[in-house]
Amino acid sequence: KVAFNSAIVVPLEIRGTILGAMTLVYSTKGKHYTNADLVLLEELARRISIAIDNARHYAAAEHEIKERTSVEEQLREVIESTNDSFVSFNDEWRYTYMNKNSEYYEGMSLQDIKGKVIWDLFPQSKRTLFYKKYHEVMKTRIPCQFEERLQNKWFEIRAYPIKKGGIAASYRDITDKKLEAPRKAEFISMASHELKTPITSI
């Protein structure tokens, strides 16, 4: 059995939350802790509490980063696997991302185009609906959807704001759909006419 001759107990505390405690004891007869010892231990406990709190925040942040990275990777896989083209720009109209399908229409790879201003690379686009609608989304932060013809192809475009201040857009080639529409309308018109015309007796 050990008899304690003197002891100090100091809490490990951060922002009102108790993380634990530090205890020092003297079992040697005639030895006692002083106020100076208490002050020293309190300062040591304060520093330890900060270190523990920082370690917990670091672990939580690291876990959040891993989860976020996992979600971003999954999202990127979806974007890369879709048949739609996808691009994003920062608030200075510089490319920040585009998927493989978009590289086909842009005529350049992400490595070649990243960080460059879209309107410098494609100045002719300033005369298109792309330019007007993209600027509307950038200014109003309201998503929009529209169709536009560019280089003998028709595209269906969805543009929307992103949190970092820029915009993103997905676009789909609907040229075949546009070309098919008149033929479909003509067929329906002919079929309707035939149904309305009485059958002539032979």
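Helices (H or I, at least four residues) and strands (E, at least two) are DSSP runs, numbered from the N terminus. With that in hand, let's walk through the chain. What you're looking at is a predicted model, where local features need pLDDT of at least 70 and side-chain atom pairs count only at pLDDT 80 or more, while totals for chains, interfaces and linings use all residues. Residues are numbered from 1 along each chain as its sequence is written, and side-chain values use heavy atoms, with hydrogens and water left out.

Start with the overall parts list: there are six helices and seven strands. Going along the sequence, they come in the pattern β-β-α-β-β-α-α-α-α-β-β-β-α.

Strand β1 (residues 6–14) and strand β2 (residues 17–26) run antiparallel and are joined by nine bridges; two strands count as paired if DSSP finds at least two bridges between them. One of those bridges links Pro-11 to Ala-21 in β2. The two strands form a hairpin with two residues between them, and Arg-15 in the turn has a positive phi of about 50°.

Now for the open sheet. Five strands build it, in the order β4-β3-β7-β6-β5, with antiparallel pairing. At the edges sit β4 (95–98) and β5 (144–150), each pairing on one side only. From one strand to the next, the twist averages 25°.

Let's look at both ends of this sheet. At one end, three bridges join β3 (residues 85–89) to β4, and Val-87 has Met-98 in β4 as its bridge partner. At the other end, β5 and β6 pair over seven bridges, again in the antiparallel sense. Leu-150 is partnered there with Lys-153 in β6. This is a hairpin too, with two residues between the strands, and Gln-151 in the turn has a positive phi of about 55°.

What lies across β3, β5, β6 and β7? That's helix α5 (residues 129–140), running at about 160° to β5. Axes here are lines fitted to C-alpha atoms, for helices over the stretch in contact, and angles run from 0 to 180 degrees between N-to-C directions. Contact means heavy atoms within 4.5 Å.

The C-alpha atoms of Lys-139 and Ile-167 are separated by 9.9 Å, though the two residues are 28 residues apart along the chain.

Ser-102 counts as buried because its relative accessible area is 0%. Leaving aside residues up to four places away in sequence, Ser-102 touches Ser-85, Phe-86, Val-87 and Tyr-171. With Tyr-171 there is also a polar contact, side chain to side chain, at 2.9 Å.

Key. Buried < 20%, exposed > 50% of the residue type's maximum accessible area, 1.4 Å probe, protein only. Polar contact = N/O pair within 3.5 Å; in protein donor to acceptor, adjacent residues only side chain to side chain.
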